[in-house]
There are 2 protein chains.
Amino acid sequence: MKPETRKEEIIKTAAKLFKEKGYSAVTMRDIATAMGIKAASLYNHISSKQEILKDIIISLAEAFTQGMQQIKTAESSTIQKVEAVVKLHVEITAQNTYGMASLNNDWMHLEEKRDYYLSLRSGYESDFRSILLEGIKRKEITNSNVEVMLFSILSTLRSLYLWIPKKEDVTPDTLSKSLSTVLINGINK
Amino acid sequence: MKPETRKEEIIKTAAKLFKEKGYSAVTMRDIATAMGIKAASLYNHISSKQEILKDIIISLAEAFTQGMQQIKTAESSTIQKVEAVVKLHVEITAQNTYGMASLNNDWMHLEEKRDYYLSLRSGYESDFRSILLEGIKRKEITNSNVEVMLFSILSTLRSLYLWIPKKEDVTPDTLSKSLSTVLINGINK
DNA sequence: ATAATCAACTAACAACTGTTAGTTTGGGAT
DNA sequence: ATCCCAAACTAACAGTTGTTAGTTGATTAT
């Protein structure tokens with residue numbers, strides 16, 4: 001098996017608790033108890049509660065940014081790019097549903113790294129918006145309200161962390177495909 | 001003007017702070033300071049911090065449940081029912097974006113009323129699922145994965161509280177219509 | 001004028017918070 | 001055997017938490 005460091009175990013345990021109750025409601029004693037040790041012992045491995053949150057969120061945010069860079073520079077149709085964005089979200093979320101809860105709900109408690117996170121996030125949204133605008137110009141997607149399309153798709157993808165754990169039998173690949181179908185074609189007959 | 005009670009002012013102020021930082025990170029002293037009084041003075045009007053959260057969330061949850069009852073018993077097409085659900089969300093959210101943040105993110109801190117909230121929520125989801133299943137049977141909507149359609153639409157509607165404040169110039173009616181268009185027809189040409 | 005009510009106040013509480021300092025334990029390398 | 005070191009421990013801290021008790025001043029009703 002992979003030799004997981006103690007610090008990584010702490011972060012994983014914390015992420016799970018953060019998903020259940022939110023960052024502020026989880027105490028260092030909660031995290032320690034979940035690991036079977038005392039709160040003070042955590043500080044042999046991490047420097048602060050803040051740092052745990054930062055490690056959870058920033059690595060995920062950077063993974064999304066990096067994934068988007070590849071998608072936007074690829075030579076593919078708009079529909080294919082949207083499908084790639086869906087796949088990116090499903091795959092990252094499927095392998096870290098706990099962390100995604102913090103990314104969505106606890107980023108405001110990042111303090112020093114908060115502005116950095118927000119810049120990654122708005123860059124990501126801008127890139128996605130550009131993909132949709134380009135698709136309209138090229139007449140590859142429908143010419144309706146871009147902001148509404150952007151909002152609708154991103155909201156769905158950002159909520160994946162809540163649904164994936166409830167459908168464990170579905171593989172990421174299957175989910176990506178049915179999700180793309182619904183987002184691209186809607187529910188109309 | 002409407003004669004707003006002091007208790008209602010407290011709830012409104014608290015909801016605003018809860019949206020920014022989450023229930024657990026907001027202290028009674030934060031709420032009091034935002035109102036220009038001391039924390040202990042709040043207790044002349046409310047009985048506990050818990051009660052504030054309960055008042056915010058339960059009234060909203062019951063409004064959704066009540067709205068859904070009317071939609072499901074109406075004699076209209078599946079598409080019309082989905083449009084009605086969209087409208088229900090847009091209208092409730094538009095007039096209380098702060099409260100909707102608590103409903104989405106802080107319901108786990110409800111304690112005594114938590115189970116009641118969860119029962120309202122799962123009843124609501126069941127009703128919506130039934131509408132979609134009926135639509136497939138009647139061949140009014142596409143026969144793809146119901147759970148994915150349900151998840152996609154509900155995720156978008158539940159995230160409205162984050163987007164409506166950023167587009168103040170859009171009326172609820174206009175938003176409902178463009179949202180319905182995108183959710184029903186997708187983005188494909 | 002007097003009484004009652006509302007809504008603020010000060011002071012204090014016991015419990016809990018993140019974190020630090022210093023110490024102990026047990027296994028692996030020398 | 002001895003040393004080293006990772007990783008646990010106990011004890012304690014200063015600050016913050018929700019909440020209670022009792023008081024005061026202003027407005028309203030009698």
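Biologist: Of the 128 residues in the largest nonpolar core, which touch the most other members?

Modeller: Please keep in mind that this is a predicted model. Within that largest nonpolar core, the residues touching the most other members are A:Ile31, A:Ile52 and A:Phe128, together with B:Ile31, B:Ile52 and B:Phe128. To take one of them, B:Ile52 touches B:Ile10, B:Ile11, B:Ala14, B:Phe18, B:Met28, B:Ile31 and B:Ile46, when residues up to four places away in sequence are not counted.

Biologist: What does the UniProt record list for residues 4-64 of chain A?

Modeller: UniProt, in an unreviewed entry, lists residues 4-64 of chain A as "domain: HTH tetR-type". In the model that stretch is 66% helix and 0% strand, with its end C-alpha atoms 23 Å apart. The unreviewed entry also carries the annotation "DNA-binding region" for residues 27-46 of chain A, where the chain is 40% helix and 0% strand and the end C-alpha atoms are 14 Å apart.

Biologist: How is the size of an interface expressed, and what area is buried between chain B and chain A?

Modeller: The size of an interface is often given as the accessible area lost when the parts come together. Between chain B and chain A about 3,600 Å² is buried, and carbon and sulfur atoms give 66% of this area. On the side of chain B, the residues that lose the most area to chain A are B:Phe151, B:Trp163 and B:Ile187, which together account for 23% of what that side buries. Counted by residues, 40 of chain B are in contact with 42 of chain A.

Biologist: And how many salt bridges are there between chain B and chain A?

Modeller: Side chains of opposite charge can pair when their charged atoms come close. The count between chain B and chain A is two salt bridges, and in one between these chains the side chains of B:Lys167 and A:Glu147 meet at 3.1 Å, N to O.

Biologist: Which parts of the chain does the salt bridge between A:Lys72 and A:Asp127 link?

Modeller: In that pair the closest N and O atoms are 3.0 Å apart. A:Lys72 is partly exposed at 36% relative accessibility, whereas A:Asp127 counts as buried at 14%.

Biologist: Is A:Ser176 buried or exposed?

Modeller: Because the cut-off for buried is under 20% relative accessible area, A:Ser176 counts as buried at 6%. A:Ser176 lies in helix 9 (residues 172-185) of chain A and, leaving aside neighbours within four places in sequence, is in contact with A:Val86, A:Lys87 and A:Val90. The C-alpha atoms of A:Ser176 and A:Leu88 are separated by 8.8 Å, although the two residues are 88 residues apart along the chain.

Definitions and conventions
Residues numbered from 1 in each chain as written. Chains lettered and ligands numbered in written order. Predicted model: local features only at pLDDT ≥ 70, side-chain atom pairs only at ≥ 80, totals over all residues. Heavy atoms only, no water. UniProt positions renumbered as here; feature names shortened; annotations may be inferred. Helix = DSSP H or I, 4+ residues; strand = E, 2+ residues; numbered from the N terminus. Core = buried A, V, L, I, M, F, W, Y, C linked by side-chain atoms within 4.5 Å. Buried < 20%, exposed > 50% of the residue type's maximum accessible area, 1.4 Å probe, protein only. Contact = heavy atoms within 4.5 Å. Buried area = accessible area lost by both parts, 1.4 Å probe. Salt bridge = Lys/Arg side-chain N within 4 Å of Asp/Glu carboxyl O.
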